[in-house]
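Reader: I would like to learn how to read the main features of a structural model. Could you take me through them one at a time, with the general idea first and the present case second?

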Amino acid sequence: MFVKSYKITEPKCFEIFLEDINEVDVLVRPEYLAICKADIRYYLGNRERTVLKRKFPMSLVHEGIGVVARDKNRNFKPGQRVVMVPCEKAECDGTKCSSCVRSYDYLLDNYCPKSSFRSSNADGFSKEMINMKTDYLLPIPDCIGEEAVFSELISVGCCALRRANLWGKKVEEISVWGDGIMGYIIALVAHYGLGAKVNVMGINREKLKMFDFASTFLVNDLSALPQTAVCIEAVGGNASADAINQAIDSVFSGGTIILCGVAGENAPINTRMILEKGLTLVGSTRSNTGDFAKALELLEIDEFRKRILRLIEGVDVVDNIRKYYEAFENASRSDSLGKRIIKLVF
Amino acid sequence: MNIAVILAGGTGSRMGMVDRPKQFIEIYGKPVVIHTIEAFEINEKIDAICVICTKEWQEDLSIWIKEYDIRKVRWIGNAGRTRQESSLNALDAIKDDATGDDIIIIHDSARPLISQRIINENIEKATQFGACDTVIPAQDTVIRSLDGEHLDSIPARHELYLGQTPQSFKYSIVRKAYDDYFSKPENERPVMTDDCGLVLASGVEIGMAMGDKLNMKMTTMEDLLLIKSIIRTSR
């Protein structure tokens, strides 16, 4: 069937593509999308030229929810709202290759180098219809609205806690570095998912006001910050190193630091103190379907959902390519905690 | 209930092909009419589909419907001698199942690039107004000539739109318009090229849904070439 999509062909240049696609399992109409920093990097061309050349043309956006148009196997009903999981496990014949991750069950699908991730090495959700495998779709409970578009970010938070084996454990207190959207969501997941008291470190007083469920601190004054057994870095960029070093200073000996931010360059961190304190550092950014399911569970909690809803700064109906450009321009200029989300209409 | 009617009864004489009408030509291994039906099949607001085609192609059509796992086609009706007769046959085919407020979305089978937005906007506008035409603003200046040799007038472009399909109606409205039209003796029926003309003649207000340049009609071989050239294979 013929399906339209928007694809980036070079930085700041989108084209309309019309493709003949073959149905796999479930046809889903992407409905609400959110643009993330990785999409903006492609849009602005902030990746190596050769990387961009290899990936383009490509449909962007990997945070999205959709509506089932048709399911060959009738697991989903037409019209059913679903979260679309952007990663897809590679077909594996069971033979171990040199980069096989099957032995590490905590890594799962998303760490296999042959797996695909939408808007990275496979087309994203900026399409009229998308072919999805049943395993990568989750029904959205009725009590959850378009805020489910943040499931991907919430799932990354859930994944961070899973990777540190924190689910089901009693965790008194967690410290989170980062006053951006990822810090906000991870802090929420820690608070409502684990019942932990959360400390949040940031640099922007206005943004920190949004963290009204947590104790907040400016990073230049952490004298009152209590030590915790678990620290999470959700800063990324060039400030990653400072955040990680502060976490190293404030975590208990034997504690865990979860790294969730993508550093701009190689981050110089205090490895001497890591050794002295016997710390564990866990890298976690890639979630899987189980983490998405956990994200939906959390979204069913009223208070959690209301605080996620605050992140939606508006809904832009994108029914032509000009509006699609506008959405990317606005997202690339935005410095706020939340996002405007896209209602995609082809 | 929202019922799509796909008119596939044309002979496609302008295509020049002798063995099949244009709607049965294959594009990338699939007949045009199936591409068109699929656009309605995957729209969650469409409940059922009626396809109108000539008797000699109905068996092929049934085979394709099975082959491509099309599930919403509930009726296959006979094509008439004219577009109006084909539409009437469709309305007769669905009459036992359709109620007055059901929306009937009538579409040319030779427009396979219809978007989901156009279908949805048709349903919305037909529900609101009772009738809806799909249009795009005229971008070129339109010239009126009565004899084909001399220019008579240049209508104001901002008032002009080009009609596409679908054209959508509440069943009661389109039914009445067709019954009135066919109650007249054949030689007294005005010449109509589409369903909206007929409904407009019956005094019904018709809303407009915005079409799309890509929702082009495959009429000539050049159109087929254009359609094939803008479709890319997915990766």
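This is a predicted model: local features need pLDDT of at least 70, side-chain atom pairs count only at pLDDT 80 or more; totals for chains, interfaces and linings use all residues.

Reader: Among contacts in chain B between residues at least 6 apart in sequence, what share joins residues at least 24 apart?

Author: Here one looks at separation along the sequence. Of those contacts between residues at least 6 apart, 73% join residues at least 24 apart in chain B.

Reader: In what order do the seven strands of the open sheet in chain B lie?

Author: In chain B the order is β5-β4-β1-β6-β8-β7-β9, and the pairing is mixed. The edge strands β5 (73–78) and β9 (207–210) of chain B each pair on one side only. From one strand to the next, the twist averages 25 degrees.

Reader: How many bridges join β1 to β6 in chain B, and what packs on the sheet?

Author: Strands β1 (residues 2–8) and β6 (residues 103–108) of chain B run parallel and are joined by six bridges. As one example, B:I6 has B:H107 in β6(B) as its bridge partner. Helix α1(B) packs on the sheet and touches β1, β4 (48–53), β5 and β6 of chain B. The direction of α1(B) makes about 170 degrees with that of β1(B).

Reader: Which pairing does the six-stranded open sheet of chain A show, parallel or antiparallel?

Author: The strand order and the sense of pairing are read together. The sheet in chain A runs β12-β11-β10-β13-β14-β15, with parallel pairing. Strands β12 (215–218) and β15 (280–283) of chain A stand at the edges with a single partner strand each, so one side of each has no neighbour in the sheet. The twist from one strand to the next averages 20 degrees. Within this sheet, β13 (residues 228–233) and β14 (residues 251–259) of chain A pair in the parallel sense over five bridges. There, A:E233 has A:L259 in β14(A) as its bridge partner.

Reader: At what angle do helices α3 and α8 of chain A pack?

Author: Helix packing is described by an angle and a distance between axes. Helix α3 (residues 151–163) and helix α8 (residues 289–299) of chain A pack at about 110 degrees, with axes 8 Å apart. An angle from 65 to 115 degrees counts as roughly perpendicular, and therefore α3(A) is roughly perpendicular to α8(A). The residues in contact include A:I154 and A:C158 of α3(A), and A:F292 and A:L296 of α8(A). By class, this contact of α3(A) with α8(A) has eight nonpolar, two polar and three charged residues.

Reader: How many residues does each chain give to the contact between chains A and B?

Author: An interface is read from both sides. Chain B gives 19 residues and chain A gives 21 residues. On the side of chain B that touches chain A, two or more residues come from each of α1 (32–41), α4 (116–129) and β10 (231–233) of chain B. The largest share of that side, four residues, comes from α1(B). By class, the side of chain B that touches chain A has eight nonpolar, five polar and six charged residues.

Notes
Residues are numbered from 1 along each chain as its sequence is written. Chains are lettered from A and ligands numbered from 1 in the order in which they are written. Two residues are in contact if their C-beta atoms, placed from the backbone, lie within 7 Å. Ala, Val, Leu, Ile, Met, Phe, Trp, Tyr, Cys and Pro count as nonpolar, Asp, Glu, Lys and Arg as charged, and the others, Gly among them, as polar. Axes are lines fitted to C-alpha atoms, for helices over the stretch in contact, and angles run from 0 to 180 degrees between N-to-C directions. Angles under 35 degrees count as roughly parallel, over 145 as roughly antiparallel, 65 to 115 as roughly perpendicular and the rest as oblique. Two strands pair if DSSP finds at least two bridges between them.
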